[in-house]
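Please look over the sequence and the three-dimensional picture below before reading on.

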Number of protein chains: 2
Amino acid sequence: MTTTPRVPAEGRPAPLTGGAGSDGVLGAIREAILTGEFGPGQRLVEADLSARFGASRGSVRAALFELANEGVVERVQNRGARVRAVTLEEAIEISEVRMVVEGLCAAKAAERITDEQATELRALGSAMRAAVSAGDVMRYSELNQRLHGRIRQISGQSTAAGVLERLRAQNVRHQFRLSLIPGRPHVSLAEHLAIIDEICARAPEAAERAARRHLLSVIDALASAVH
Amino acid sequence: MTTTPRVPAEGRPAPLTGGAGSDGVLGAIREAILTGEFGPGQRLVEADLSARFGASRGSVRAALFELANEGVVERVQNRGARVRAVTLEEAIEISEVRMVVEGLCAAKAAERITDEQATELRALGSAMRAAVSAGDVMRYSELNQRLHGRIRQISGQSTAAGVLERLRAQNVRHQFRLSLIPGRPHVSLAEHLAIIDEICARAPEAAERAARRHLLSVIDALASAVH
DNA sequence: TGAGGCTAGATTGTCAACATTATTGCCGTA
DNA sequence: TACGGCAATAATGTTGACAATCTAGCCTCA
């Protein structure tokens, strides 16, 4: 509390989305957190946010509640909200859960994929390969996210998709850090291509194994970041 | 909308918890849904609930939002909330996710379990066996829930625990129905004992397989309920 | 000088009134 | 009689003000 500054009241007087609706505020705050503008541990005072985004305190309040159960924000009774600081241990836990759930999605996707979708997935794989060759980390990261999203979609497992979406939101920071490790994209790419291959081959069990192998590699990378 | 009655305004004039705080209302509404007092599809009108539980509309509103992202209640913009009716297909989806996540917990538990905890788990197993022999479905159902909870706890995987807790809340109705199927408890018991054995034997992979086998059996039972 | 209590400020929690939106039943018209 | 618009009603969404709660700094007293 003593070291965490409050959100600055000035800087951008007009709201980002133009409107003052709670939906706009939700997106605005979430983006501010995800882009790192509001760092981990940052206090989120309702009145300040209200002034900054030009929305009523009620809207801000509702948004904070929503973010709280997305796991992006922590709330304590009568003590307000702050940006949740996800520890490395938690990041590993999250990745472990992702490992098994993404494995399920991969298996389901392998069972249901159409030829058309397979073509699309392979195209995504090629694009990722190109991005790694070009050393374009941002683009690779974006394609990576798109691939995982597409697999979830193809799997038709909306429950699993919901769980994963929620977990992803909590983990973006660590996720992003990983991709900055030298040599990491190269390893990651191979694993992704393996997942794509197995799904397109309509081999559920192999696809699940490939997905789990990939996440296991992510976990290892995270764990080795513990000094 | 035409066939779903509103929640009756009378019946229990005084609030259940004594207070009018949002926390009490949340618990009260949740319990009313879980006990089946508010059936699936039941409309939840804020003003009515407010009158019934003696809380302000704001508190009820907050509670409904919370329940909505627990997945127990459905909300549509400007059209209010209603008790979510989980279809059989969704119940199967939920069980599939549970399958892999409980598998993870079982594996983790097998890695971390202490001798003391092993003793406790085996005792739970004996109690379940006794309950099945006695034909006490309610007690078996309760022990069942406690076993799964204890395994989650031993696993130390709080992220997975959170995911499972959330999924369980959506599925209690189907879960309960299953245990009423003749012969089902007997099958279920054997699977549970197998999970306990493998965890106590500190065999992570075998424990995961046992947990998945159990949930797969649940899924089959659910699927066969589709006429 | 240190501990305990106390007051002032800041922040969240709650509430009731108002605005907005969707539904329903009715009426006029072809 | 069937259809399309329209007004009345019911419910939710929003806002601003008030009450309860927590934190921090100060002051007293042993």
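At what angle do helix 4 of chain B and helix 9 (residues 204-224) of chain B pack, and how far apart are their axes? The angle is about 165° and the axes are 7 Å apart, where axes are lines fitted to C-alpha atoms, for helices over the stretch in contact, and angles run from 0 to 180 degrees between N-to-C directions. This is a predicted model, in which local features need pLDDT of at least 70 and side-chain atom pairs count only at pLDDT 80 or more, while totals for chains, interfaces and linings use all residues. Residues are numbered from 1 along each chain as its sequence is written, chains are lettered from A and ligands numbered from 1 in the order in which they are written, and side-chain values use heavy atoms, with hydrogens and water left out. Helices (H or I, at least four residues) and strands (E, at least two) are DSSP runs, numbered from the N terminus.

Because of their angle, helix 4 of chain B and helix 9 of chain B are roughly antiparallel to each other; angles under 35 degrees count as roughly parallel, over 145 as roughly antiparallel, 65 to 115 as roughly perpendicular and the rest as oblique. Helix 4 of chain B passes helix 9 of chain B in a right-handed crossing, a term used if the near helix is turned clockwise from the far one by less than a right angle, with left-handed used if anticlockwise. The contact of these two helices has 17 nonpolar, 2 polar and 6 charged residues, with Ala, Val, Leu, Ile, Met, Phe, Trp, Tyr, Cys and Pro counted as nonpolar, Asp, Glu, Lys and Arg as charged, and the others, Gly among them, as polar.

A further pair joins the two chains: helix 4 (residues 88-112) of chain A packs with helix 4 (residues 88-112) of chain B at an angle of about 140°, with their axes 9 Å apart, and the two are therefore oblique to each other. Residues of helix 4 of chain A, including A:Val97, A:Val100 and A:Leu104, meet residues of helix 4 of chain B, including B:Val97, B:Val100 and B:Leu104, contact meaning heavy atoms within 4.5 Å. By class, this contact has 10 nonpolar, no polar and 4 charged residues.

Within chain B, the axes of helix 2 (residues 46-53) and helix 3 (residues 57-70) come within 9 Å and cross at roughly 115°, so that these helices are roughly perpendicular to each other. In their contact, B:Glu46, B:Ala47, B:Leu49 and B:Ser50 of helix 2 meet B:Arg57, B:Val60, B:Arg61 and B:Leu64 of helix 3.

Most residues other than glycine have a negative phi. A:Arg202 is partly exposed, with a relative accessible area of 38%, since buried means under 20% relative accessible area, exposed over 50% and partly exposed in between (1.4 Å probe, protein chains only). B:Asn78, in the loop between strand 2 (73-76) and strand 3 (80-83) of chain B, also has a positive phi, of about 65°, and counts as exposed at 76% relative accessibility.
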